[in-house]
Amino acid sequence: MSGDPHGRPEPEAPLRVADHPFFIGLDPQLTREASRLAKERRFDTGEMLVRDGDPAHWFYLVFHGKVALEVATAEKPHLTIQTVGPGEVLGWSWLVPPYLWRFDARALKPTQVLAIDGTEFRQTLANHPEQGYRFLVRLLPILAQRLENTQIQLLDIHGL
Amino acid sequence: MTAASPAAGDRFLLDRRDFSAFLTSIRTAGYRIVGPTVRDGAIVYGDIQAESDLPIGWTERQDAGRYRLERRSDQALFGYVVGPHSWKKYLFPSHERLWTATRDGPTFAVISEPSDPTPLAFLGVRACELAALKITDKVFMGGIPDPSYSARRTRVLRVAVQCGQAGGTCFCVSMGTGPGVTSDYDLSLTEILTEGRHEFLVAVGTEAGGSVLRSVPLRPPTDEADRTVTAIVAHTASSMGRSMDPTGLRDLLLSNPDHPRWERVAKRCLSCTNCTMACPTCFCHTTEEVPSLDAEKTERWRRWDSCFNLEFTKLHATPVRASSSSRYRQWLTHKLGSWHDQFGTSGCVGCGRCITWCPVAIDITEEVAALRVPPPAPTPGGGH
Amino acid sequence: MASDVPSPSPAPSSHPLAPAPYFVRRQTAETGDTNTLVLAPMDGGPVPPALPGQFNMLYVFGVGEAAISLSGDPTDSTQVVHTVRNAGRITAALAQLPPGKAVGVRGPYGRGWPVDAAAGRDVVLMAGGLGLPPLRPVLYHFLSHRAQYGRIEVVYGARTPKDLVYYDQIQEWRQRSDLRFQVTVDAADRSWYGDVGLVTARIPDVRFEPGNTIAFLCGPEIMMKYAARDLEARGIPRSSIWISMERNMKCAVGICGHCQFGPEFVCRDGPVFRYDVVRDWLAAREI
C-alpha cells in the first residue's frame with residue numbers, strides 16, 4: 001500500500017504562507033509576520049524533520065509529501081502513530097514549555113514544507129494578544145480533533 | 001340437543017354436575033386437555049384427566065413478591081386468577097428440539113423435529129391470556145411461521161373463562177385486555193356460584209368450540225344468568241389490584257433511556273429472569289447445539305432465554321447491556337414501548353405475573369408511574 | 001367428531017431454521033486471525049440470490065452457528081464468500097475446516113445496502129477493521145455498473161498494516177482510475193509508507209458533492225458514529241448515510257429477541273440502517 005497513486009508532480013513555484021489552509025482567513029499582519037519567519041525546506045524520503053527531545057524551535061506547514069510521527073516503545077523503536085500530509089501543520093511543541101519535541105518526524109516521501117521559527121513567532125503572538133488569541137482559536141479545534149482521535153485510538157476500536 | 005353443532009354466537013347454561021361430561025366431550029373430540037391444577041403450593045397448568053384435577057375450592061392471594069394459596073368458602077372450579085405458568089409453555093416450550101442432523105459421508109442430513117399431532121384444549125384461558133396468545137401468534141406466526149409453534153397453535157381449542165374476581169396484581173382493565181372475554185375464543189365460560197346454584201354460562205366463539213358441545217347436556221340461557229354474568233365481570237373490573245396508565249407509554253419509554261429511575265430500580269433488580277419466565281408474552285430464546293459423544297449426530301435445541309441474562313447480548317466476548325439498569329430498561333422499554341413498533345401492540349396484557357413473581361417485589365405499574373415523572377433538568381453550570 | 005379437529009399435518013421436510021449443506025471450496029488466510037472461506041452447495045445447485053450487505057448463518061456440525069456477512073461478488077450464483085475473524089468457538093471451528101469439509105448455510109438474511117438509491121450519485125464507502133468484507137459486495141456491484149454512479153471514494157482503516165484484509169485486491173483497486181481507495185492504519189512500523197491515523201482523519205480528503213452523495217459505513221460502532229458525524233459536517237444529510245450494525249444473533253428471523261437495537265431487530269430490519277433512523281440509539285448507552 002506504499003506510495004500515492006494519485007501523487008501529483010512537485011510544482012516548482014515558491015511556497016507561500018498565505019496559500020496554506022491553516023493561514024487562510026487569518027489576520028494578514030500575522031501571515032506577513034509568519035512569512036518573514038518562514039524558510040522553505042525539502043526532505044527526502046526517510047529524512048528526519050524532528051527528533052524526540054530536541055529543542056522545538058520550528059513548526060512546519062506541510063505543502064507536499066507525507067510525514068510520519070513516530071514514538072519509541074520498548075518493543076517497537078519506531079511506531080508510527082500518525083501521518084501528516086499537505087494542508088496540515090506539524091508541531092505544537094514550540095508553544096508549550098519546555099519547548100522540546102515529543103516525537104520523531106520522518107518524511108515518508110519527498111516532502112516540501114515551510115518551516116516557521118516558532119521561538120520568534122511566539123513572541124509575535126505575545127506582542128499582539130488579539131491576533132494571538134485568534135491564532136489560538138484557529139489552533140484549538142485541530143488540537144481537540146487530535147485529542148479525540150487519540151481517545152478513539154486508545155479504545156483500539158478495530159481490535160474489537 | 002339437535003344433531004347440528006352449536007354455532008358461533010350461541011349461548012347455553014351448563015350445570016356444574018355436567019362439567020365432567022363437558023371434559024369428556026372435549027377429550028372424545030381428540031383433544032388433550034391442559035388446565036389449572038394445584039402443585040407445589042401454586043396453581044399451575046398441567047394435564048387435566050378429570051375434574052378433580054382442577055383447583056376446586058382454591059384461590060390465591062397475590063401481591064408484589066407474594067403468592068399464597070388459600071381455601072375458598074365455596075367449591076369454585078375457576079375461583080383463582082393466574083399462577084406462575086402461562087400457556088406459552090405449551091406452544092413455545094421452555095426447552096425444545098428443533099432438528100437433528102446426522103453425518104452422511106462428507107455431508108450431513110437434517111431432519112426436522114416432528115410435531116406432536118395431538119391437539120391441545122386450553123381449559124380456563126383468561127381474557128388477558130387470550131390477548132397474550134394473540135401477541136405470541138404475531139411473534140411466531142407473523143413472519144416466517146415458526147413450524148413447531150404454528151403446528152401446535154393452529155390445533156389449540158381455547159376454552160376461556162371470564163374472571164370472577166381480580167387478583168392483587170391484576171391490571172387487565174388498564175391494558176384493555178379484560179376481564180371480559182369478548183373475542184379470540186372457541187368457548188367462553190363464566191362460572192356462576194350463587195346460593196344453591198353452581199353453573200356455567202357457555203358462549204360459543206367458533207365452530208370448533210361448538211363441535212365439542214354436541215354431546216354435552218346444555219340448557220338455554222336465562223336473562224337472570226346473563227345479568228349475573230354481567231355483574232360478575234363488572235365486579236371483577238372494578239376490583240383490580242393494580243392500575244397503569246397506558247397513554248403514550250411507547251413514546252415515554254423510547255424517549256427516556258437516561259431516566260434516573262432505571263438506576264434506582266436496578267439497585268433492587270436481581271436479574272433473576274423470573275419476570276420474563278412468568279410473562280405470557282416474553283418470547284426471547286437461545287439455541288443450543290447438542291452433539292452426540294461420537295459426533296455422528298447432533299441436535300439443535302431451543303431454550304427460553306431472557307434479556308436479563310448477561311450472555312444475552314454478548315458480542316465479541318463483551319455484553320452490550322452489561323449493567324443491570326440497561327437490562328431492566330430493555331425489558332420494560334421493549335414490553336411497553338418498542339413492542340408497538342415491532343408487533344403493533346403492547347407486549348403487556350396486565351396479568352400481573354411479573355409483579356407477583358418478582359422476588360424483590362418490583363412492580364411494573366409503580367415503575368411506569370415513576371418514569372412518568374420527568375427527570376430533573378440538569379442544573380446550568382452544575383455537575384459535569 | 002374427529003373431522004372437526006384439524007388433522008395433524010406431517011412434519012415439514014425441512015425446518016426453515018435448518019442449515020443447507022455446503023462444502024469448503026477454498027480457505028485463505030487474510031491476516032493472523034481472519035480467513036476468507038469460499039463455500040459451494042453440496043448438491044451442486046445455485047446459491048440463493050443475495051443483496052450486498054446481507055448475511056448468512058454459517059454452521060459447523062456439532063458446534064453451532066454464527067452470523068457472518070456475505071463478502072463475495074453478489075452476481076456469482078455458484079458460491080458464497082465469507083471473511084471470518086477467528087473470535088470465538090464457532091468462528092475458530094470454521095477457520096479449521098479444510099477444503100471439502102461440510103459447512104451449513106442458511107440465509108441470506110436482512111436488509112442490505114440501498115444500491116439503487118446510490119444511482120447517479122457520488123458514493124463514499126468507509127470501512128473500519130472487519131467492516132470491509134460486508135462492503136465488498138457493494139463495491140463489486142458499483143464497479144460492475146460503473147457508469148451508473150458518480151465518484152467512488154473508499155476509505156479503509158485497520159489497526160496495523162498486518163490487519164488489512166484483501167491486500168492484493170486493494171492494490172488492484174488502488175490502480176484504477178475510476179475509484180479512489182484510501183487506506184489508513186492506527187499504527188505502523190517503518191515498513192509502512194501509507195497513511196497513519198483514524199479513518200475519520202481521512203474525511204477532509206474525500207472528494208464528493210455533498211448534496212448528491214450517499215455514504216455507506218461499516219465498522220466498529222464508535223467509528224461509524226464519528227465518521228457519520230464528520231460526513232454530516234461536510235454536508236451529507238443524515239438520511240444519505242447508511243450504517244451496518246452488529247448484534248448477538250441466534251435465529252436471524254426476528255423471533256429470538258437477541259439482536260434488538262431500540263425498536264429494531266438487527267437481523268430482520270437491518271443489519272443496514274439509515275443513520276437518521278438509528279442515530280438516537282447509537283448515542284444512548286447499552287442499547
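Which residue in S7(B) is the bridge partner of Trp99(B)? In this predicted model, the partner is Ser112(B). The two strands involved, S6(B) and S7(B), run antiparallel to each other and are joined by six bridges. They make a hairpin, with two residues between the strands. Gly105(B) sits in that turn and has a positive phi of about 65 degrees.

Strand S6 (95-104) and strand S7 (107-112) of chain B each supply at least two residues of the side that touches chain C. In total, 61 residues of chain B are in contact with 48 residues of chain C. The two chains bury about 4500 Å² between them, and carbon and sulfur atoms give 59% of that area.

What charged and polar pairing is found across this interface? The rule finds one salt bridge between chain B and chain C. Arg300(B) forms a salt bridge with Glu65(C), and their closest N and O atoms are 3.1 Å apart. Residue pairs in polar contact between chain B and chain C, both residues being at pLDDT 80 or more, number 21. On the chain B side, other elements that each supply at least two residues include helix H3 (127-141), strand S12 (285-291), strand S13 (297-304) and helix H11 (324-343). H11(B) gives the most, with eight residues. By class, the chain B residues that touch chain C are 27 nonpolar, 18 polar and 16 charged.

Chain B also contains an open sheet. Seven strands form it with mixed pairing, and their order is S1-S11-S10-S9-S8-S2-S3. The edges are strand S1 (11-15) and strand S3 (42-47) of chain B, each of which pairs on one side only. From one strand to the next, the twist averages 25 degrees.

Helix H1 (residues 19-28) of chain B touches S1, strand S2 (32-39), strand S8 (120-125), strand S9 (157-162), strand S10 (187-194) and S11 of chain B. The direction of H1(B) makes about 150 degrees with that of S8(B). Helix H7 (residues 223-237) of chain B lies across S1, S9, S10 and S11 of chain B, and runs at about 95 degrees to S10(B).

Two packed helices are described by the angle between their axes and the distance between the axes. For helix H2 (residues 118-127) and helix H3 (residues 129-154) of chain A, the angle is about 115 degrees and the axes are 5 Å apart. From H2(A), Phe121(A), Leu125(A), Ala126(A) and Asn127(A) meet Pro129(A), Gly132(A) and Phe135(A) in H3(A). The contact has five nonpolar, two polar and no charged residues.

Asp117(A) lies in strand S8 (residues 111-117) of chain A. Which residues does Asp117(A) contact, leaving aside its neighbours within four places in sequence? They are Leu37(A), His57(A) and Trp58(A). Trp94(A) is 23 residues from Asp117(A) in sequence, and the C-alpha to C-alpha distance between them is 8.8 Å.

Terms used
Residues are numbered from 1 along each chain as its sequence is written. Chains are lettered from A and ligands numbered from 1 in the order in which they are written. This is a predicted model: local features need pLDDT of at least 70, side-chain atom pairs count only at pLDDT 80 or more; totals for chains, interfaces and linings use all residues. Side-chain values use heavy atoms; hydrogens and water are left out. Axes are lines fitted to C-alpha atoms, for helices over the stretch in contact, and angles run from 0 to 180 degrees between N-to-C directions. Helices (H or I, at least four residues) and strands (E, at least two) are DSSP runs, numbered from the N terminus. Contact means heavy atoms within 4.5 Å. Ala, Val, Leu, Ile, Met, Phe, Trp, Tyr, Cys and Pro count as nonpolar, Asp, Glu, Lys and Arg as charged, and the others, Gly among them, as polar. Two strands pair if DSSP finds at least two bridges between them. Buried area is the accessible area (1.4 Å probe) that two parts lose on being put together, summed over both. A salt bridge is a side-chain nitrogen of Lys or Arg within 4 Å of a carboxyl oxygen of Asp or Glu. A polar contact is a pair of N or O atoms within 3.5 Å; within protein, one must be able to donate a hydrogen and the other to accept it, and residues adjacent in sequence count only if both atoms are side-chain atoms.
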